[in-house]
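The following exercises are to be worked through with the sequence and the 3D structure at hand. Each task is followed by a solution in steps.

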Amino acid sequence: MMKSNIQSALLLVLSTVVMLSCSKDENQPSTTVAGIRIQALNKSYSLPVNGTKSVSTVTAVSWDTARMVVSGLKFEAELKSLITHHDSVEFEYKWRGPEVVNLFDTTFTIGNITLQPGFYDEIEIKIEGLKRDAGTDPVFLLTGVYTNTNSEIIPISVRVYEDILFKTEKNSVEITSADISVFSSVIQLYLDQLMMDISPEQLDNAILTDGELIISAQSNTALYRIFMRNLGRDHHCEHGHGHGHGHGG
C-alpha cells in the first residue's frame, strides 16, 4: 500500500511539473530587438557652461563634426523576476567593431540585442574606443568654431588620440509589448557638458596653431585634461522604441 501511495504521489508531482512547463511555454513573453545609438546633443551653446560670470556674453561654441571610433560595447541588464519580484536575471551582450560613428547621425545604431519585455532594475552600457583601431586618425574628434570675447570667429577642434572608455546606466527601465517592433538604447553625449569648467578666458588665452584653436594632448593640454575628465564621466541614456534601425550585430 505504501509503495502504491508513493507511486501515486510521484505521478501527481510529475503531472504538475508538466502542466507548469506547458503553461510557461504558452505564455512565454515576446522578445524585442534592441540597438545601441550614440548621439551628440547641443551642437551650439554659450560659454561658460558652468554658469560662472564672464566678462562677455557673446562667447559660444558651435560644432559641425562629432565623430568617434567605437571599438566595442558591453550591454548589461538585470531583469526582475516575474515570480519572486525580488530576484533578478542578469543579461550581458558584447559587440566588437571597430566602427566609425557620426555622432550627429540620428538613425545609425550598433548591435542586435534580443530582450524580453519586463521590468529591468538596471541597464548599463560601456563604450570603448581604442587607439589601435583609429590608426592615425583621432579616436574622438570635434570640429567647429569658437566665437571669442571680441566676437571673432576662430576654428576650434578637440582631438583625442588615446584610448577612451565611458559608460552610462539607468535604473527602473520597463520594456512592454509595444516595444517589440523596434527598441533602442540611446547614449546621449551633451557637448556643452564636455566643456564644463572651461572658461571663455581660458579659450581666449589658448595657443592657436595656424589660426586654429586645437585642444589635444600636445596642444593646450590643460584644457584637454578638463575635456577628458568630462568625457570619462557617466553620460545620460534613454531606452525605448522608435529610435532607429539596427546595424551590425
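**Exercise 1. Strand pairing**

Task: Determine how many bridges join strand 3 to strand 6, and in which sense the two run.

Solution: Strands are DSSP runs of E with at least two residues, and helices are runs of H or I with at least four residues, both numbered from the N terminus. Two strands pair if DSSP finds at least two bridges between them. Strand 6 covers residues 118-129, and eight bridges join it to strand 3 in an antiparallel arrangement. Within this pairing, I127 of strand 6 stands opposite L73. Strand 6 also pairs with strand 9 (residues 164-175), again antiparallel, over 11 bridges. There, Y120 has V173 of strand 9 as its bridge partner.

The model is a predicted one, in which local features need pLDDT of at least 70 and side-chain atom pairs count only at pLDDT 80 or more, while totals for chains, interfaces and linings use all residues. Residues are numbered from 1 along each chain as its sequence is written, and side-chain values use heavy atoms, with hydrogens and water left out.

**Exercise 2. Aromatic pairs**

Task: State how many aromatic pairs there are, and describe each of them.

Solution: Rings of Phe, Tyr and Trp (its six-membered ring) pair if their centres lie within 6.5 Å; planes under 30 degrees apart count as stacked, over 60 as edge-to-face and the rest as tilted. The count by this rule is two aromatic pairs. F75 and F91 form an edge-to-face pair, with 6.4 Å from centre to centre and 75° between the planes. Because F75 lies in strand 3 and F91 in strand 4, this pair ties together parts that are 16 residues apart in sequence. For accessibility, buried means under 20% relative accessible area, exposed over 50%, and partly exposed in between (1.4 Å probe, protein chains only). F75 is buried, at 0% relative accessibility, whereas F91 is partly exposed at 30%. The ring centres of F140 and F227 are 6.1 Å apart and their planes stand at 50°, so this pair is tilted. It links distant parts of the chain, with F140 in strand 7 and F227 in helix 4, 87 residues apart. Both F140 and F227 are buried.

**Exercise 3. The surroundings of G144**

Task: Decide whether G144 is buried or exposed, and list the residues that it touches.

Solution: G144 is placed in strand 7, residues 140-147. Its relative accessibility is 9%, so G144 counts as buried. Leaving aside residues up to four places away in sequence, G144 touches S62, W63, D64, I154, P155 and I156, where contact means heavy atoms within 4.5 Å. The C-alpha atoms of G144 and P155 are separated by 5.9 Å, although the two residues are 11 apart along the chain.

**Exercise 4. Backbone exceptions**

Task: Where do S151 and N220 lie, and which residues does the cis peptide bond with omega of about 5° join?

Solution: Most residues other than glycine have a negative phi, and most peptide bonds are trans. S151, in the loop between strand 7 and strand 8 (153-160), has a positive phi of about 65°. At 48% relative accessibility, S151 counts as partly exposed. N220, in the loop between strand 12 (212-215) and helix 4 (221-231), has a positive phi of about 55°. N220 is buried, at 14% relative accessibility. The cis bond with omega of about 5° joins L47 and P48. A cis bond also leads from G97 to P98, with omega near 10°.
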